[in-house]
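Hi there,

Here is the structure I promised to pass on. Please have a look at it first, and then read my notes below.

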Amino acid sequence: MTNQNISTFKNHLLCALAPEDRRRLAPSLERMQLNLRQSLEKAHQPINFVYFFEAGLGSVVASKEGGSTVEVGLFGRDGMTGTSLVQGDTESPFDCFVQMGGSALRISADDLQEAMSQSAALTELLMHYARTLGIQTTYTALANGQIKLEERLARWILMVHDRVNGDSFYVTHEFLAMMLGVRRPGVTVALQILEAKHFIKSQRGEILVQDRSGLMQLCQGTYGPAEIEYERLTGIPLGKSKPVPNDAAPLIRPA
């Protein structure tokens with residue numbers, strides 16, 4: 001589109017870029033609305049676009065024969081799709097879709113690769129982010145194998161809480177079951193356990209975080225290390241307690 005407007009980046013990675021790199025990307029960026037369950041990447045198919053989330057959540061999911069899935073990665077305004085592309089591949093082994101609706105800045109794979117070829121600093125930041133998502137995936141595997149369902153759910157709630165505004169968000173029991181790779185009744189029991197401890201309140205699809213510290217203690221160390229590595233590698237704080245700088249951005253094309 002030819003119309004351009006002065007806007008402000010809300011994606012943390014874009015905020016962290018040097019002004020010249022933001023100017024380099026801006027002409028190729030389009031602001032897009034993200035709809036629930038919208039597919040952003042399909043496993044073993046070429047990556048055509050990369051999405052820098054500004055609001056909402058994305059899920060990276062692994063699937064097995066028969067159709068069952070489990071979430072292996074989660075991101076929001078802290079991240080982006082297309083990490084395989086950043087690492088030199090043209091496709092991902094996983095599906096990626098919108099877990100909670102929102103908005104993103106979209107760029108074509110070709111334009112992002114061209115910009116990366118011109119800027120070592122841009123390439124380094126995006127590769128560092130790809131590394132952090134891999135670390136998050138490792139701790140998800142640890143949690144899935146070593147801690148109870150209610151503890152895994154506590155970790156998941158904290159990760160979502162880091163990436164949304166406010167202290168509440170909406171998600172169905174069915175969707176939670178799919179993300180955690182368990183049956184729906186197990187999710188219902190796990191939510192009841194967290195409610196009984198007064199860590200959350202859950203009603204009609206809404207989860208309200210009431211005791212973040214309690215949730216963190218319940219995770220047995222599976223929440224925290226990946227978040228610390230995110231800040232170490234990107235230089236960007238992740239979590240409710242630390243603000244993220246939000247500098248004025250150059251021109252962006254609206255969708």
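What volume does the second largest cavity have? About 80 Å³. A cavity here is a set of points on a 1 Å grid over the protein atoms alone where a 1.4 Å probe fits but cannot get out, whereas a pocket is an open set with protein on both sides within 12 Å along at least five of seven lines; lining residues have an atom within 4 Å of a point. Grid points are joined across faces, edges and corners, and a volume is the space filled by probe spheres set on the points.

Before going further, two notes on the source. This is a predicted model, in which local features need pLDDT of at least 70, side-chain atom pairs count only at pLDDT 80 or more, and totals for chains, interfaces and linings use all residues. Residues are numbered from 1 along each chain as its sequence is written, and side-chain values use heavy atoms, with hydrogens and water left out.

**Cavities**

With a threshold of 30 Å³ or more, the count is two cavities. The lining of the second largest cavity includes Leu-74, Asp-78, Tyr-129, Arg-163 and Tyr-230. Helix H5 and helix H10 (225–234) each give two or more residues to that lining, and the largest share, four residues, comes from H5. Helices (H or I, at least four residues) and strands (E, at least two) are DSSP runs, numbered from the N terminus. By class, the lining splits into six nonpolar, two polar and three charged residues. For these classes, Ala, Val, Leu, Ile, Met, Phe, Trp, Tyr, Cys and Pro count as nonpolar, Asp, Glu, Lys and Arg as charged, and the others, Gly among them, as polar.

The largest cavity holds about 130 Å³ of space. Of its 15 lining residues, Glu-71, Thr-140, Arg-155, Trp-156 and Leu-180 lie nearest the centre. At least two lining residues each come from E5, H5, helix H6 (149–163) and helix H7 (173–180), with E5 giving the most, five residues. Eight of the lining residues are nonpolar, four polar and three charged.

**The largest pocket**

The largest pocket contains about 240 Å³ of space. Its lining has 21 residues, and Val-60, Thr-83, Ser-92, Phe-94 and Leu-133 are those nearest its centre. Strand E5 (69–75), helix H3 (83–86), strand E6 (95–108) and helix H5 (120–146) are the elements that give two or more residues to this lining. H5 gives the most here, with four residues. In terms of class, ten residues of the pocket lining are nonpolar, nine polar and two charged.

**Helix H7**

Is H7 buried or exposed? Six of its eight residues are buried, so H7 is largely enclosed by the rest of the structure. Buried means under 20% relative accessible area, exposed over 50%, and partly exposed in between (1.4 Å probe, protein chains only). The buried residues of H7 are His-173, Phe-175, Leu-176, Ala-177, Met-179 and Leu-180. Just after H7, Gly-181 takes a positive phi of about 70°.

**Strands and backbone angles**

E8 and E9 pair in the antiparallel sense over four bridges; two strands pair if DSSP finds at least two bridges between them. Lys-201 stands opposite Leu-208 in E9. On the other pairing of E9, three bridges join it to strand E7 (residues 168–170), also antiparallel, and Tyr-170 has Glu-206 as its bridge partner. The covered face of E9 is made of Ile-207 and Val-209, and the uncovered one of Glu-206 and Leu-208.

Most residues other than glycine have a negative phi. Arg-204, in the loop between strand E8 (200–203) and strand E9 (206–209), has a positive phi of about 50° although it is not a glycine. Arg-204 counts as exposed, at 78% relative accessibility. Gln-220 also has a positive phi, near 55°, and is found in the loop between helix H9 (212–218) and H10. At 53% relative accessibility, Gln-220 is exposed.

**Asp-111**

Asp-111 is found in helix H4 (residues 109–118) and is partly exposed, with a relative accessible area of 34%. A polar contact of 3.5 Å joins its side chain to that of Ser-28. Such a contact is a pair of N or O atoms within 3.5 Å; within protein, one must be able to donate a hydrogen and the other to accept it, and residues adjacent in sequence count only if both atoms are side-chain atoms.

Best wishes
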